[in-house]
Each structure stands twice: as C-alpha cells, then as structure tokens.
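Student: I have a structure open and would like to learn how to read it. Could we go through some features one by one?

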Amino acid sequence: MNKSVGYALLAGLAAVVVLISTAIFVGFGGDQSGPGSSPHKPRDPAAPAVSGQWVGTWSAAAAAAEPGTLDGYAGMSIRNVVHTSVGGSSARIQLSNLYGTRPLPVSHASIALAAAPSNPTAAAGSMRRLSFGGRPAVSIPAGGAVSSDPVRLNVPHDADLLVTTYSPSPSGPATYHPYARQTSYLARGDRAEDATGAAYTEQSPYWRYLTGVDVWSTEARGTVVAIGDSITDGITSTAGANHRWTDFLAARLRNEPGAPRYGVLNQGISGNRLLVNGSRFSPNNGPSVLSRLDRDALARTGVRAVVVEIGLNDLFKSPRQLDPQKIVAGMRQIVNEAHARGLRVTGSTLTPFGGHRGYSALLNSVRERVNHIIRSGSVYDEVVDFDKALRDPAAPVRLRPVYDSGDHLHPSDEGFRAMAEAVNLKHLARSAPASL
C-alpha cells in the first residue's frame, strides 16, 4: 500500500467516525431539556450538560369545583395574576381540569409580565402566546391536566405574572383555588393577548384552571414544596401583599448568604386535612394531603425538599380524629412516600389555637401529644417548630398577640414572617432521606 492510498483510507475512516458521532448526537436530540423543548420529553443521560434547569416558581393546589359554574367560563378570558419566587429565561404553565365533568377547551392562552403589581395590564413587549404540543389550542379531558410548551420570556423573581386563558365553549365546573389572597381578572370575549387591561373589568379573588408556572433558571437548583392547610394557604395574610409564610421563605432563599437557591411552591388548601377528603364541590376542604401528595408535592417540577404543615383540621372537623397515633401514622406515610422518591421531609408541629371558637382542653391535649411525638424525631426527617415560633410565652396554648390575625387560629403577616424565620434552611439543602 502506498502513502497516498493509506492517507485516503485514514481520511475516509475519520469521515465515517464524524458521521456516526453526529448521528448519535442528533439521535439523542442534544439538549432536549432546554428552554425550547417539550416538558414531556425526559432528558437523555447521554445528552450534553446544560447550564440550567426547570424549577417551579409558583403553584396553587386545585381545591374544588367552583360553585355556580356548571358550564365553566364559555366566551370568557380569565387573567390569573400570580407571583414568582424565582426568575428565569423561559416559562411554561400547567392547567388543570381536575374537577371538570367535560373536556375543557382552551383555544387561546398567553403569559406576560404585569406592568405593575396586581394589575391586569402587561408590561411592554412581554406578551407571549402559549402553545400545547406545538398547537395553539388544547382540549383538557375531564379530570386531566396539561403543560404548555416553553416560551422565551425573561421572568424576574419576586414579580407578578399574567396568565390568561380563553375558552370558547361550555366545559363543565371550573377547577379553582378559592383563597388566592390575590386579585385576578375576567373579560368578555377572547382578550388573551390584550396587552392593555382595559377589557378586564371584572375582578376575582380566585385562581382558575392554572396550577403551576415553571421557569428555566441558571441560578435556582431546585424547588421546595410546602403542603398544608389554611395556615400554609395564607388565608389571613394581607391580600395582594404576598405575605404568606411561603413568600417570606422565598425571600430568605433568594437573599440569605449560603441559602439553597430554590423556588418555592405553595400547595396549601384552606380547610385541608391529613386523613379525610373533603367534597369535590366544597370550597373549604379539598382532597386530603395523603390523597394529593404525589400530584401536588412529590411530582412537582424540580422538587428537592418538602415541608408539611397539617393536622389541626383533623382535630376540628367531623369525623374528629382524637387518636394521636393515627395522626402521626398519616404523617409517617407522607414521609415513606417521599423517601421512595429520594426526598426529605421537614414537618411542622401543630400550632396553638387557644381562644378560637373550636378550642377545647381535649383537642389541645391531642395537639400537644402529637407535637411531643413530632419533636422526638421519629416522624419527619427534620422538624420545624411552628408551635414554639408562634405561641405566647405567657399563655402557651395561645398565639402570641402580635402573631394573631384576630381569630386566634391563623397567623397575622408578622406571624407568617416568624414561621418562615423558624425554618432551618440547611435542612432544606440536605439531599439523602433520613433513617427513621
């Protein structure tokens, strides 16, 4: 073999290697998990690493079917106003028809930055139309949910977003979250991409259909999900101020040196219980934490840690649960399910309610026995002592007056701040589940 033939063969082999390598890369899709990809496609482990990931920046639990909406919101645009915990360079949303009895048609949907807090007008140049599987419209089956395709949008942290949906025809009862503590808006006709808020003349205290917003972030490395009852829902926080305890926690995670950079998702439902489901048509109960744990917490985007605040309504509501061991067994079931996903759980003690109309010495004794077991370290991976953070040192069965919203059960804004301060951020950063 002469040199020229040898060089030709080597060159041919090199070209074949390049072609095979290119085919392998294309076959794996390169960066399938990037901002422009479908949220339904898992990232192949052989694909190149990317400098970012999807994390949850906002969420609300689907609580019930909205009363009086047997035909949904046909011919109406619903502009939900939501507040981000972390920012990113792209966004996508989740819509739910969990309590619908018919398919929910969404022919037009959009996302934008709000021009001002709690305002239905979009910031200049921020309006983006959303698609679903590459199509501009989607039909969500009864009981189902859907994620949008990602759109490029510079989403700031600690800012309001406008997420708008338009349904052209009747769809059955609307899936909603009733105690938003945030004003959203409705307009007649298809106004989904109206940048001005002029057509949005009807105000609403609810979030409808929208259950989550994710962002593509190069800073946040995961999401912490808080699941619980009205105390986590923030039912007595100042409307429009974003003063739930999860909002204060999000600020700590953004601003404190050494804090894990996590998005924060609030999955509280007012009236919620650990063990017993509420009626699908009740706006003040929701499915139990045990029944909704996977959907609302463990399966959320980028989840790295779970915080659980639940149990008081199991004491208050019929059928009352007065056996501390049964309550604690339910909490341990939460932990077991989280551990199966490789997640740690921080659980809270039950907070004081002396002076509330539902108070009795018997119920308080059950609460204190549950708290004793939680503090022993045999229930959760980590404990956040919300009881200790909120109680009045002079009367431990009651909330400290400055932390009391006035009903002797739910915290004030300052009480919610104290709850967030009680969370040990180092506990949220731990990755391996504990052996309990």
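This is a predicted model: local features need pLDDT of at least 70, side-chain atom pairs count only at pLDDT 80 or more; totals for chains, interfaces and linings use all residues.

Student: What share of the 436 residues is buried?

Tutor: Buried residues account for 55% of the 436. As for contacts with a separation of 6 or more, 79% of them join residues 24 or more positions apart.

Student: Now the sheets. How do strands hold on to each other in a sheet?

Tutor: The strands of a sheet pair through backbone hydrogen bonds, in either a parallel or an antiparallel way. For the parallel case, look at the open sheet of 5 strands, which runs in the order β18-β17-β19-β20-β21. Its edges are β18 (262-268) and β21 (382-384); each has a single partner strand, so one side of each lacks a neighbour in the sheet. From one strand to the next, the twist averages 20°.

Student: Over how many bridges do β17 and β18 pair?

Tutor: Strand β17 (residues 222-228) pairs with β18 in the parallel sense over 7 bridges. Within this pairing, Val225 stands opposite Leu265 in β18. Helix α4 packs on the sheet and touches β17, β18 and β19 (303-309). The direction of α4 makes about 160° with that of β17.

Student: Is strand β13 enclosed by the rest of the structure or exposed, and why?

Tutor: Strand β13 (residues 184-188) is largely enclosed by the rest of the structure, because 4 of its 5 residues are buried. β13 pairs with strand β3 (residues 76-83) in the antiparallel sense over 4 bridges, and Ile78 has Leu186 in β13 as its bridge partner. β13 also pairs in the antiparallel sense with strand β14 (residues 202-204), over 3 bridges. There, the bridge partner of Tyr185 is Gln203 in β14.

Student: What happens to the side chains along a regular strand?

Tutor: In a regular strand they alternate between the two faces of the sheet. Take strand β10 (residues 151-155): Val151, Leu153 and Val155 make up a covered face, while Arg152 and Asn154 make up an uncovered one. Strand β4 (residues 88-96) pairs with β10 in the antiparallel sense over 3 bridges, and Gly88 stands opposite Val155.

Student: Let us turn to helices. How are two packed helices described?

Tutor: By the angle between their axes and the distance between the axes. Helix α6 (residues 324-340) and helix α7 (residues 361-375) pack at about 45°, with axes 9 Å apart. The two are therefore oblique to each other, and their crossing is right-handed.

Student: Which residues of α6 and α7 meet?

Tutor: From α6 they are Pro324, Gln325, Ile327, Val328, Met331 and Arg332; from α7 they are Val366, Arg369, Val370, Ile373 and Ile374. By class, this contact has 8 nonpolar, 1 polar and 2 charged residues.

Student: At what angle do α4 and α6 pack?

Tutor: Helix α4 (residues 289-298) packs against α6 at about 30°, with the axes 10 Å apart. Angles under 35 degrees count as roughly parallel, which makes α4 roughly parallel to α6. Their crossing is right-handed. Val289, Leu290, Leu293 and Leu298 of α4 make the contact with Gly330, Gln333, Ile334, Glu337 and Ala338 of α6. These residues divide into 6 nonpolar, 2 polar and 1 charged.

Technical notes. Residues are numbered from 1 along each chain as its sequence is written. Side-chain values use heavy atoms; hydrogens and water are left out. Axes are lines fitted to C-alpha atoms, for helices over the stretch in contact, and angles run from 0 to 180 degrees between N-to-C directions. Angles under 35 degrees count as roughly parallel, over 145 as roughly antiparallel, 65 to 115 as roughly perpendicular and the rest as oblique. A crossing is left-handed if the near helix is turned anticlockwise from the far one by less than a right angle, and right-handed if clockwise. Contact means heavy atoms within 4.5 Å. Ala, Val, Leu, Ile, Met, Phe, Trp, Tyr, Cys and Pro count as nonpolar, Asp, Glu, Lys and Arg as charged, and the others, Gly among them, as polar. Buried means under 20% relative accessible area, exposed over 50%, partly exposed in between (1.4 Å probe, protein chains only). Two strands pair if DSSP finds at least two bridges between them.
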